[in-house]
Amino acid sequence: MKDFIRLRDALHQNGIKLVIDFVSNHSSRWQNPTLNFAPEDGKLYEPDKDENGNYVFDANGEPADYNGDGKVENLLADPHNDVNGFFHGLGDRGNDTSRFGYRYKDLGSLADYSQENALVVEHLEKAAKFWKSKGIDGFRHDATLHMNPAFVKGFKDAIDSDAGGPVTHFGEFFIGRPDPKYDEYRTFPERTGVNNLDFEYFRAATNAFGNFSETMSSFGDMMIKTSNDYIYENQTVTFLDNHDVTRFRYIQPNDKPYHAALAVLMTSRGIPNIYYGTEQYLMPSDSSDIAGRMFMQTSTNFDENTTAYKVIQKLSNLRKNNEAIAYGTTEILYSTNDVLVFKRQFYDKQVIVAVNRQPDQTFTIPELDTTLPVGTYSDVLGGLLYGSSMSVNNVNGQNKISSFTLSGGEVNVWSYNPSLGTLTPRIGDVISTMGRPGNTVYIYGTGLGGSVTVKFGSTVATVVSNSDQMIEAIVPNTNPGIQNITVTKGSVTSNPFRYEVLSGDQVQVIFHVNATTNWGENIYVVGNIPELGSWDPNQSSEAMLNPNYPEWFLPVSVPKGATFEFKFIKKDNNGNVIWESRSNRVFTAPNSSTGTIDTPLYFWDN
């Protein structure tokens, strides 16, 4: 713990945030798949706790024997003797591709937590709050694809509602299109408040810049599709490689498309995530993720003058200085099999990127319409990737980027960064995007200083502090559900930003129903609270799970202690809805913040 505190302090003193990889889906491997699933480990331990339930450490930051029983680690749960139902215990998922299989069976024989068990929820929330109290700045949630979204929503809410306000949350929802789970992946951030590692971006970048199996036009199509599909596209975490996939250098050993991929990553929508050593061209011995986990000190002489390092450095500075990259929209200006020209724009601020992935071919780009003012724009990279300046001229009343050529591997980044002034408020992003009344929220953009009024819908929020770039405010007591945040200064009101106001502290109700369906139909829950869609079947729960058809079940996140009304409905692939023909059912959620409760097994009522 002492080492961890030293790390935290050194990072913070250098303006670096600390995000920890938090695993709330499973413990270690409890069965060995290479030895006919023989018993292995999977046990979960925790340190001693004091009278107030706080973990105890000695002066050196090590777990201490506080209770004098001779142990500093206490067995909390064992999948081989699971007396408290801490684990699902259903064995390895194997070829089961159902949502039930992904969420309730083991990922690679890792002992899968039963996140519907209040004891599990209590432990994981306590552990996460412990790390938050140590001053971390965010959570990278492991294996969100395999987790119960109702748990994730309440888990994130518990962390952000604890002392210190909201932190960054993103998770590993590991898919690759075409995938039937794409819609789950796409909507996970708006359903849980936890953003995604952008595996769709990774897939497209690998194919366009790595193995050239897709065109640059296809890559551009992905950027537009996902910008439309993702509600919070500028919060998704984009990457070229990480510890679970093949290193990008192994896929693309040629410097020119390698650098082009880095430049596009640094200027695309989303938050770029650089795997250590990518800037040093680390080359593994094979395509496995294991080979990619190389030790930096022995694998390379760290060099701050590599081209890759400089590309990342220069474009990181541009990202900080021109809000078009962090907050802007995306537009494709021109694309072919090998060339892409795209624009990022935040009001009058623009960044235009022109890239040629082919290392040894030159292409001519035709004259392009633009909203940039007439003038000459220098390459932000200073010719590092063979780029040069660009001219905008007025032709018959239309400003146009003059025709230009892109040599092999050439990347140009042109920036237009006028001041937006301080009189007009403009919202670029909000952290977090989901919370209860009383929670802190951070609003980022421009023109946010001075005397401002923040509203959630029509309800005024308390402003704690503000500057031109950021407002800290408190979520007001307002109608739960989707509310638009706006900032008003004088007579000018900003653009709206979507925020979900929760009805209260989120807990889990696990619904159960016996219902027969026709092929293509699924069962859903809809009710009179926003978490159940406020009676709108289009805003109902996700489809219930049916591993023991005709019985269906689904954990749903609802406010603590709430008594609510609900019904089950059937929906088919065309959106046709059949309601239960009965009076509304009534149920009450548990009163404990970490509580979970199962409903009785209801029977569909015609």
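Which residues in α5 are buried? Hi everyone, let's start there. In α5, the buried ones are Tyr-182, Glu-184, Tyr-185, Thr-187, Phe-188, Pro-189, Glu-190 and Thr-192. Buried here means under 20% relative accessible area, with exposed over 50% and partly exposed in between, using a 1.4 Å probe and protein chains only. That makes 8 of the 11 residues in this helix, which spans 182-192, so α5 is mostly covered. Just after α5 comes Gly-193, with a positive phi of about 85 degrees.

A quick word on the background. This is a predicted model, where local features need pLDDT of at least 70, side-chain atom pairs count only at pLDDT 80 or more, and totals for chains, interfaces and linings use all residues. Residues are numbered from 1 along each chain as its sequence is written, and side-chain values use heavy atoms, leaving out hydrogens and water. Helices (H or I, at least four residues) and strands (E, at least two) are DSSP runs, numbered from the N terminus.

Now to some loops. Asn-396 sits between β19 (390-395) and β20 (398-401). Its phi is positive, near 55 degrees, although Asn-396 is a residue other than glycine. Asn-396 is also exposed, at a relative accessible area of 82%. Tyr-281, another non-glycine, has a positive phi of about 60 degrees, and its loop runs between β12 (271-273) and α10 (289-292).

Finally, the cis peptide bonds. One joins Ile-431 to Ser-432, with omega near -5 degrees, and Ser-432 is in the loop between β23 (426-431) and β24 (434-435). Another joins Tyr-549 to Pro-550, with omega near 15 degrees. Pro-550 belongs to the loop between β34 (545-548) and β35 (551-559).
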